[in-house]
Amino acid sequence: MVADDSSQPLLDLPAAVQPSLLQGFPSRKQQAGPQFSDHLPVARVLVESSLPHLDRPFDYGVPAGLDDDAQPGVRVKVKFNGQDLSGFIMERVAESDAGHTLLPLAKVVSPVPVLTPEVRDLVTAVASRYAGTVSDVLRVAVPPRVARLEKMYPASAEAPTAETEESAAAKDPGSDAAWASFRNGSAFLRHLKDGGSPRAVLNPLQGYGPAGWPQLLAQAIAAAHASGRGAVVVVPDNRDLDRLEEAVGALLPEQAVARLTAEDGPTPRYENFLRILAGTARVAIGTRSAAYAPVKDLGLVVCWDDGDDLHSEQRAPYAHAREVLLLRAEQSGAACLLAAHSRSTEVQRLTETGWALPVEADRTLVRRAVPRVVNTADSFEQERDPLARIARLPGAAWRAAKEGLERGPVLVQVARAGYAPSLVCDDCREPARCAACQGPLAVAGASGTSALPQCRWCSTPAPEWHCTHCNGRKLRRGATGVIRTAEELGRAFPGKTVITSSGDQVKARVTNSKALVVATVGAEPVAEGGYAAALLLDGDSLLRRESLRASEDTVRRWFNAGALVRPATEGGLVVVTAADTAAVGALLRWDPAGYAERELSLRAELQLPPAVRIASITGPRAAVGHFSGAVAAQLEQAGVRLRTAGPAPLILSGPPSTRRSPEDVRTLLFFPYAQAAAVTRVLRATRAATAAKRSAEPVQLRLDGVDVL
């Protein structure tokens, strides 16, 4: 969503906190040793520290010997409180308002200005929106330095030659027919080519072939490139990145595109970063950190599948790539394209407010381009197969797989990896838990419950397990994983190849051979010519997850899998095994926009995200009470009243090494977008003041977390 608080100041600290921030500076009696530069002798440096009360620039003197290298955006070393700390020069000014003699810069680490003014403003806005520190955002925005690569940077900064421009123009831009088939599609591309900045929401119908989403995105990128501008594209993972890179490479020259992802390693990542910084690469594609790429003359930002949780940064301040790109589009006046097979409620809110326009397919095209969808839980299928509701593989799904295997590969989507990834009590069906850490019990391999169960978190065996609810001692499988599903299908279809894709063995592509492809949600490979059929199992299990977004995320996963199947005109069929709900209805009609509209209206009625914004405060009960009380008092003075929930004990999940203390609690703050600037400013200032005074234990502050409800 577009933030209403992007212009708030870097930090607003109480006056009582300020003296503690100056401890890194000498007193007036101390004199700076070296002679400072005659031209803009003061450098304002942001030190790399996650401490909230140090989240502001500090003034340092620029020695005359460092005048040429100490430019805004470069990495430096400074003395702070007796320590050598790294930092970035934010700007050079003529005078300091610090009121004391300045320490000199200790060292210019590199003369390469890795922090451009545009990215500096962007990271400041992101930190403000998420009530975090600029230093934490910079850790994501600027990749780790590889010193030997910087020797090539001045040479790479040369402007593109005429030969380069000619080779770029020689590429065949391809046909715009795929875009023309969408309402507003041709107008969007034409506006991009003419140098405009349209904002659109696109729901592609297919995930493979010439009309697949990588080709559609590549054509939009090529249109922005043709207008002489750059583009930034963010995708969830490396499988999507590989497909997009291939599609963009067919339309643009290799030197025009740079790939940014941490999984490629520090050297390729930093080399491509320097190419973008120099301007030789005008298109940056990558995973979430690519949203900060220093592309020159930015004309287009693109986010693919924004509902994927991989877009959320897992470290403070937990920024979402979609929001970073929206802030960037607002700041730079660039075009914006949000594309996915489904539609998130956040994107639906943007269309309903008029910030972005939908690029949609007519119903005639939808019926022609998507597979037929059958639900085994509807009344017609129930009459034909009374056991369909409780069967792991209902008759309709079995027939779809059998007939599909005669034409090509068949996709089978399951909810969980492993063999039998969870166990439950045979009497009361309560999940079986470890006595040591309360983790889930499971058994490995095909030996089933006769094998010794052990904890999936701490690996403690449970030979004498008994149920804490009914005192039962017999276990049964609570879920069937991908490996057991593959074994069962192999027995059901003897002689057919069974391929699995899950965990650390995820496959990107499969051939058109007649095989069963069993994959966990999100790990579905792409079939070259599309799948003949797809079986979406464990739908009820996905919909029952304890999360506000369980239904929305399940719909997204269903649409992503269904888009890999051939159209109904070619015999493509999708079978979903779930209760007849609104989520299933959206898939049957192939109407992601309608489902997002319904879901957002329900959230608005209940005043839940994304209809409102949310802040989560987690930590010890006393610290959470102190922090939330201070925030509420300051906001009440400003005339802002919050709706709160909590403090409440946390529902512990995950291995003990990754979860917080059992004594921790959480308080939720709900506030409208109109008051977001005031609320986030107070949250940020309170966090900094608490850290400086050490008046309470630190708390975890997280805004707009997609998994907090």
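Colleague: Hi! What should I know before I start?

Modeller: The model is predicted, so local features need pLDDT of at least 70 and side-chain atom pairs count only at pLDDT 80 or more, while totals for chains, interfaces and linings use all residues. Residues are numbered from 1 along each chain as its sequence is written, and side-chain values use heavy atoms, with hydrogens and water left out.

Colleague: How many cavities of 30 Å³ or more does the structure hold?

Modeller: Six. A cavity here is a set of points, on a 1 Å grid over the protein atoms alone, where a 1.4 Å probe fits but cannot get out; lining residues have an atom within 4 Å of a point. Grid points are joined across faces, edges and corners, and a volume is the space filled by probe spheres set on the points.

Colleague: What volume does the largest cavity have?

Modeller: About 160 Å³. Of the 18 residues lining the largest cavity, Glu346, Arg549, Pro609, Asp704 and Gly705 are the closest to its centre.

Colleague: And the second largest cavity, how many residues line it?

Modeller: There are 13, with Val140, Tyr292, Glu313, Ala319 and Val324 nearest the centre of the second largest cavity. Its volume is about 90 Å³. Helix H2 (134–141) gives the most to that lining, with three residues. Helices are DSSP runs of H or I with at least four residues, strands are runs of E with at least two, and both are numbered from the N terminus.

Colleague: New topic: where is there a cis peptide bond?

Modeller: One runs from Pro609 to Pro610, with omega near 5°. Pro610 sits in the loop between helix H19 (592–606) and strand S26 (613–619). Another cis bond joins Gly646 and Pro647, with omega about 5°, and Pro647 is in strand S27 (residues 643–649).

Colleague: Which residue has a positive phi of about 55°?

Modeller: Ala131, although it is not a glycine. Most residues other than glycine have a negative phi, and most peptide bonds are trans. Trp590 also has a positive phi, about 50°.

Colleague: Is Ala131 buried or exposed?

Modeller: Ala131 is buried, with a relative accessible area of 2%. Buried means under 20%, exposed over 50% and partly exposed in between, using a 1.4 Å probe and protein chains only. Trp590 counts as buried too, at 5% relative accessibility.

Colleague: Thanks! Where does Trp590 lie?

Modeller: Trp590 lies in the loop between helix H18 (582–589) and H19.

Key:
On a 1 Å grid over the protein atoms alone, a cavity is a set of points where a 1.4 Å probe fits but cannot get out, and a pocket is an open set with protein on both sides within 12 Å along at least five of seven lines; lining residues have an atom within 4 Å of a point.
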